[in-house]
Every structure is written in C-alpha cells, then in structure tokens.
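Here's a quick tour for anyone meeting this structure for the first time. Have a look at it, then read on for the rings, charges and cores.

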Amino acid sequence: RRSSLEIATASAMKTAMIASCFVASALALRLPPPRMGAATPAIDVSSAAAALLTSVTTPVTTLDGRALSLGETIGNGTFGSVRWAQLGAELVVAKRACAPSEQQYAADYLETEAYLNTKLCRAAPGSRHLAPFLGRCEKDGAAHLVWASCPGATRDLLSYLEPSPDVAALARDLGVVGDGVVALTAAEEAALAKTLLRELLSALALVHAEGVVHRDVKPENLLVDRRTHSLRLIDFGSACEMGGWLKRGFRADRGPCSVLYCPPEELLDERTPWTYDVFSAALVWLRAIVPHFRASEDELFRFRRDLRDHGKGSVERMFATALTDDDYGTSSADELLPGGWERPLAFFTEGQQGRLAWRLLTAMLAHEPTKRATAADALAGPYLGGCGADDAADAAADEAGAPCEDDLSCAAPPVA
C-alpha cells in the first residue's frame, strides 16, 4: 500500500498534468474565423480555457421518461425516427435512434446530437433559428431526445417545393408578402430569394459561431416558422463540434451527409470546416428559386453533374461554356442549361442586386473549400449586408466609373 506522501505527490502531479493540458488545449482552441478583413484577435487564455471547460462539461438535461407519451410518427430517417409526443401536458417532439443492428453508429449520433443541441440552446436561448431542446430521457428501453413544439413551425422547406411548388405560401410564411397574396411578381420573387438566403445563412452563422458544423443542410432540415418568419435549423445528428478541444462527432475518415447537397470534398476539411455548410446552403437556395429544381431532385442532380463535368467545379465556367457552346459540340444552350433558368438568369443579370446575388452564389459554390465565403462573410457582404441596396444609386456609381472590384458586378453571369 502506498504511503500518504506518495498518494499526495501522485495527486499533485495528476492535477498539474490536467491543468497543463487545459492551458495547452486552450491556446490551440480552434474558434470560428473572423470576417474577412477583420483583425485577428489575440487569444485570451482564461476565456479560451473557460470555453474549453464548458465544451467538456456541458450536461444534457435528464427528463422523466414516465411523463413522455409517444404519438404518431412524423418521419423516419437513416439513423432514427421522429414522433409527436406529450411530456406531461406539453406537446413535444421526440426522436429515437435506430437499433444498433440497423445502423451501427445511430446511438453515437444521437448522443452527439443531444450534446450539441444542449450547447446551442444554452448559448442562444429562445433563438428563432433553433428548435427549443428540452433534454433526453429513457422510454421503452431506448434513449429519446425531446424538443418543445413550435406552433408556427409545422412545415419544412421541402413541403413548399414538392410535390407541387407553392412559393407564394413560402413568401407569406417568411413575411415577404401579405396573407392574401397567391401569386408573386418578379420583384416579390427577388425579395423572397434574398429573405430566404438571409434566414438560411443567419441560422448557419449562429451555429458556426458556437463552433458547430451541421453537415446535413437540406430542405428537410429547415423548418419554416410562420410566427417568427424565420428558418429553424434542425436534425444535428450529422453535426460535429469543430471549435472545441474534443471535436465531438468528428472523424476525419467518416462523415454522414446527403449526397445531393454535400460539397465536392464530402468529408470535412479541418482547415475551413465552416464552408462545408455554405456550399450546401447555396444548393438549397437554388432549389427554392429555380423553378425546375423545385418539384424534383432530378434537375438539381443534373446541375451538379454538369457542374462537375463541364464547369470543372466552377459555376461561372459552366454557364459560360453552356451559353457559348464551347466544349459541348452541337448541343444548344437551351439543352445544356438547367431547366427553368430563364427567370433566374434574368434575376442574376438585370440590376445591381441580381449581379451581387450572382457574385455571392459563385463564392458559396467555390469548388475549393478554402475559397468559399463563410456564412458571416456572406451576411456582411453587399447583397445581404445592405451595400448596393439601391439600384438607381448603384447605376449612377457605375456611370461614374466605379471599378467592378468594388461593386462586385464583374462576376455577373455571361449572356448570349
């Protein structure tokens, strides 16, 4: 048996080692990148250490499973199922993981989702971009995650697109037009496009600021809340924490994703993890604003294939090639451009706002993840940040000789 002195010495050494690990990890803590052009802040060791300690010790609230009554199924996913439920007298949503025999990693993803929801909802309580997470409980021998229901968020974005697109309803629910509007003008469609992208990027900027990458941004994972006129980002089962020491949910050789919406690198690039979601957000945005993308995923798949094969990963190159017929043989531009692009091309080429939107789209769809815009950059940029909001003023600036590098109009899509 060890003496009291030996035990005390070993304990002191262990404490010193833990403290040194915390300080070293705090110094190496990876935080979301500052906006482009902003000065890199000095690392505050005490603040970084506190953030690290929080990421390690954030407890998930344990609920009483006996108070949970499960109702009808809302949907089934790859790694679990979601149902309406009652927690006492409160209407809630409950999620259960698939059995290990069905999906090997389902239970791990559920536990990561519980941790990340707890972290995000504590960092941004009451956020209009998150589903209010209540905690986890055991029910019928299985772990369940529980969220409070949002009375205004009963539809996901996909339901406005398939099977019969209803963008007027989407515009009403996002507060772009009034309740009585059943068809949108071109100006209202342009306003919807801007509002939708701002809401989507605002949700991503929030989670990225807390060091979380979603990794499965798609229409099904965006609830439209007609009460707050906002998008709520849900289903963090594929998400991971990249701003902390433990990197919960992250493995360099594995990453659950939806093939149609994931960026070309598929696996997260640790140098710039935040832009992974931005590429997906650009595709979600296109799905909503391009008519032929709305009702079916087939056209979006074709767009991604052509972007790879003919654009060499560059959306600008693909459009330039299609509109000039270069490298396409005898095919016409009408056959090569995605269906229904007539109105989107008009939107992107007519007026300063459209050109700014095009510039942002190409930055979000950059093939190289380190060259993509972050969500914070996009929100602060000229299309969504307010600069260039007045077409008449911008036209006057153009006539005065403002360089395209300043007003970002030099990257407008080519026209035939």
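W285 and F348 are both buried, buried being under 20% relative accessible area with a 1.4 Å probe and protein chains only. Keep in mind that this is a predicted model, where local features need pLDDT of at least 70, side-chain atom pairs count only at pLDDT 80 or more, and totals for chains, interfaces and linings use all residues. Residues are numbered from 1 along each chain as its sequence is written, and side-chain values use heavy atoms, with hydrogens and water left out.

**Aromatic pairs**

- Searching the whole structure turns up 5 aromatic pairs (rings of Phe, Tyr and Trp, the last by its six-membered ring, with centres within 6.5 Å; planes under 30 degrees apart are stacked, over 60 edge-to-face, the rest tilted).
- One of them is W285 with F348, an edge-to-face pair with 6.2 Å from centre to centre and 70° between the planes.
- That pair links distant parts of the chain, 63 residues apart: W285 is in helix α6 (residues 275-289) and F348 in helix α11 (residues 342-349). Helices here are DSSP runs of H or I, at least four residues, numbered from the N terminus.
- W285 also pairs with Y383, this time tilted, at 6.4 Å centre to centre and 55° between the planes.
- Because W285 lies in helix α6 and Y383 in the loop between α13 (375-380) and α14 (391-399), this pair ties together parts 98 residues apart in sequence.
- Ring pairs join W285, F348, W358 and Y383 into a cluster.

**Charges over rings**

- R155 has its charged end over the ring of Y160, 3.8 Å from the ring's centre (the rule: NZ of Lys or CZ of Arg within 6 Å of the ring centre and within 35 degrees of the ring normal).
- R248 lies over the face of Y115, 4.0 Å from the ring centre.

**Cores and a covered helix**

- The largest nonpolar core has 65 residues, and W285, F303 and Y383 have the most contacts inside it. Such a core is a set of buried Ala, Val, Leu, Ile, Met, Phe, Trp, Tyr and Cys residues joined through side-chain atoms within 4.5 Å.
- α6 gives this core its largest share, 10 residues.
- Another core lies apart from it, with 15 residues, including A106, C121, F133 and C150.
- Helix α3 (residues 106-123) is mostly covered, with 13 of its 18 residues buried.

Note on methods. Helix = DSSP H or I, 4+ residues; strand = E, 2+ residues; numbered from the N terminus. Buried < 20%, exposed > 50% of the residue type's maximum accessible area, 1.4 Å probe, protein only. Expected span 1.5 Å × (residues − 1).
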